[in-house]
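Let's take a walk through this fold together, strand by strand.

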Amino acid sequence: PPTPFDNHIVLQGRGDGLSRIWVLEVMLSNQQIDSSPNITLSVIKSSMLTFEEDAYEASVTTSHYNTSRVRVEYSSLITPSQTMSIDMNTNDVSSAIIIKKKNVVNYDKSLYVTHRTFVTSRDGETQIPVSMVFRSDIVGSIIEDDMPNDVPVSLYGYGSYGSSLELSFS
């Protein structure tokens with residue numbers, strides 16, 4: 001559902017199997033036509049929030065109507081859950097303020113890298129998104145299709161008929 005703000009509307013949806021968030025900058029105008037109010041909503045600018053990692057889950061959390069900042073809950077395969085406040089005038093996720101962050105004891109995010117690719121299904125047309133996590137010390141050889149034969153793999157996931165497994169840290 002759309003989330004209304006004083007000068008913005010935030011929309012949530014899916015694209016390529018990932019959650020997406022769009023920010024619309026809007027303006028209301030009120031004109032009298034034949035002594036009846038005529039309210040018009042105009043979209044001034046629209047943009048999709050872009051996040052640093054290839055595979056993630058993001059959703060809008062509670063925010064106040066009269067603000068220029070939206071709160072987003074974010075998690076990825078290598079990033080524990082965090083709540084960030086993003087300025088809707090710039091939509092710059094890299095300068096978001098982290099309000100809350102899940103602390104995971106003895107976890108070092110820099111030891112891991114996430115990668116997202118697409119695999120063609122048996123029908124030869126449908127593109128299936130595949131998200132992977134690698135130790136950062138072996139990621140170069142894997143991404144370059146020179147995967148060593150002795151790399152352990154754990155395969156987990158599901159997605160069909162519009163349903164997908166959310167990409168979150170666990």
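Which residue in β6 is the bridge partner of E57? It's S75. Before going further, a word on what you're looking at: this is a predicted model, where local features need pLDDT of at least 70, side-chain atom pairs count only at pLDDT 80 or more, and totals for chains, interfaces and linings use all residues. Residues are numbered from 1 along each chain as its sequence is written, and side-chain values use heavy atoms, with hydrogens and water left out.

Now the overall layout. The chain holds 1 helix and 12 strands; helices (H or I, at least four residues) and strands (E, at least two) are DSSP runs, numbered from the N terminus. Starting at the N terminus, the order of elements is β-β-β-β-β-β-β-β-β-β-α-β-β. Of the 170 residues in the chain, 27% are buried, where buried means under 20% relative accessible area, exposed over 50%, and partly exposed in between (1.4 Å probe, protein chains only).

β5 is joined to β6 (residues 69-76) by 5 bridges. From β6 to β7 there are 6 bridges, with V70 partnering I86 in β7, and a hairpin links these two strands through 5 residues. Finally, 4 bridges tie β7 (residues 82-87) to β8, where Q82 sits opposite K101.

What about side chains? S19 lies in strand β3 (residues 18-33) and counts as buried because its relative accessibility is 4%. The S19 side chain reaches the backbone nitrogen of A58 at 2.8 Å.

I39, in strand β4 (residues 36-48), is another story: its relative accessibility is 59%, so I39 counts as exposed. Together with L28 and L41, I39 forms a nonpolar patch on the surface, with about 320 Å² of accessible area together.

Definitions and conventions
Pairing = 2+ DSSP bridges. Patch = residues over 30% accessible without salt bridge, like charges linked within 9 Å, V, L, I, M, F, W, Y side chains within 5 Å. Areas by Shrake-Rupley, 256 points an atom, 1.4 Å probe, with all protein chains shown as cover. Salt bridge = Lys/Arg side-chain N within 4 Å of Asp/Glu carboxyl O. Polar contact = N/O pair within 3.5 Å; in protein donor to acceptor, adjacent residues only side chain to side chain.
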